[in-house]
Every structure is written in structure tokens, then in C-alpha cells.
Amino acid sequence: MIKEGDYAIHTQGGNYDLQVSEGKLHLMTTSDDLIANSNVKVLVQVGSQSKITVEPAKIKLEVGGGSYIEITSGGIKMVSPRIDLN
């Protein structure tokens, strides 16, 4: 179990480092690819308005609650009050 003050888990192929303080994961590093694997969904969220959601059939990038880009095998959808294509 990872507990307060733990920093690293040693694996056969190298290190997988974690920093846990105040009961929260603050840092994850590895010398190789960092893979988040799920059969359902992977969500990366910063605050309440910035999200990256990866699902089996789509990827969605959201910022500000109303602007987003959604990518599927059928197309790319961009929704925002203003879109600059420069």
C-alpha cells in the first residue's frame, strides 16, 4: 500500500515513481511510457472545467464548460462561442 511519504515502486523493468502527501497523489513519473488502460473510460481533469475524456469510440477535450472538441472515427466536432483556424 502507498502511504504518506512513499515515493517509488520498483518494478523489474525500472522505476515507477509516485509522490503521496496529505493523502493525495501529487506526482507520477516513469522512464518509459505511462499507460492508463481501461475498458470503459480514462478521465484527466484539472479543476472543474478542463477535462480530457477517452472512451472506446471517442476522445473529448473540454475547456470552460461550453467549449469542446470531440473526435470520433466519423469526424471531428468543435463547439465554442469562437473558433480560430489560423
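In which order do the strands of the open sheet lie, and is their pairing parallel or antiparallel?

**Figure 1. The open sheet of five strands.** The order is 4-5-6-7-8, and the pairing is antiparallel. Strand 4 (42-46) and strand 8 are the edges; each has a single partner strand, so one side of each lacks a neighbour in the sheet. From one strand to the next the twist averages 5 degrees, taken between axes fitted to C-alpha atoms, with angles from 0 to 180 degrees between N-to-C directions. Strands are DSSP runs of E of at least two residues, helices runs of H or I of at least four, both numbered from the N terminus; two strands count as paired if DSSP finds at least two bridges between them. The model is predicted: local features need pLDDT of at least 70 and side-chain atom pairs pLDDT 80 or more, whereas totals for chains, interfaces and linings use all residues. Residues are numbered from 1 along each chain as its sequence is written, and side-chain values use heavy atoms, without hydrogens and water.

**Figure 2. The whole chain.** The protein has eight strands and zero helices, giving the pattern β-β-β-β-β-β-β-β along the sequence. Of its 86 residues, 7% are buried (under 20% relative accessible area; exposed is over 50%, partly exposed in between; 1.4 Å probe, protein chains only). Contacts are heavy atoms within 4.5 Å; among those between residues at least 6 apart in sequence, 0% join residues at least 24 apart. The accessible surface is about 7,200 Å², with 53% from carbon and sulfur atoms (Shrake-Rupley method, 1.4 Å probe).

Figure 3. Strand 4 runs antiparallel to strand 5 (residues 50-55), and five bridges join them. Valine 44 lies opposite isoleucine 52 of strand 5.

**Figure 4. The hairpin of strands 7 and 8.** Two residues separate these strands. Strand 7 (residues 67-72) pairs with strand 8 (residues 75-79) over five bridges in the antiparallel sense. Isoleucine 71 has isoleucine 76 in strand 8 as its bridge partner. Isoleucine 76 is exposed, at a relative accessible area of 61%.

**Figure 5. The nonpolar surface patch.** The patch covers about 900 Å², and its members include Val44, Ile52, Ile71 and Ile76. At least two of its residues come from each of strand 5, strand 6 (58-63), strand 7 and strand 8. Patch residues have over 30% relative accessible area and no salt bridge; nonpolar side chains (Val, Leu, Ile, Met, Phe, Trp, Tyr) are joined within 5 Å, like charges within 9 Å. A salt bridge is a side-chain nitrogen of Lys or Arg within 4 Å of a carboxyl oxygen of Asp or Glu.
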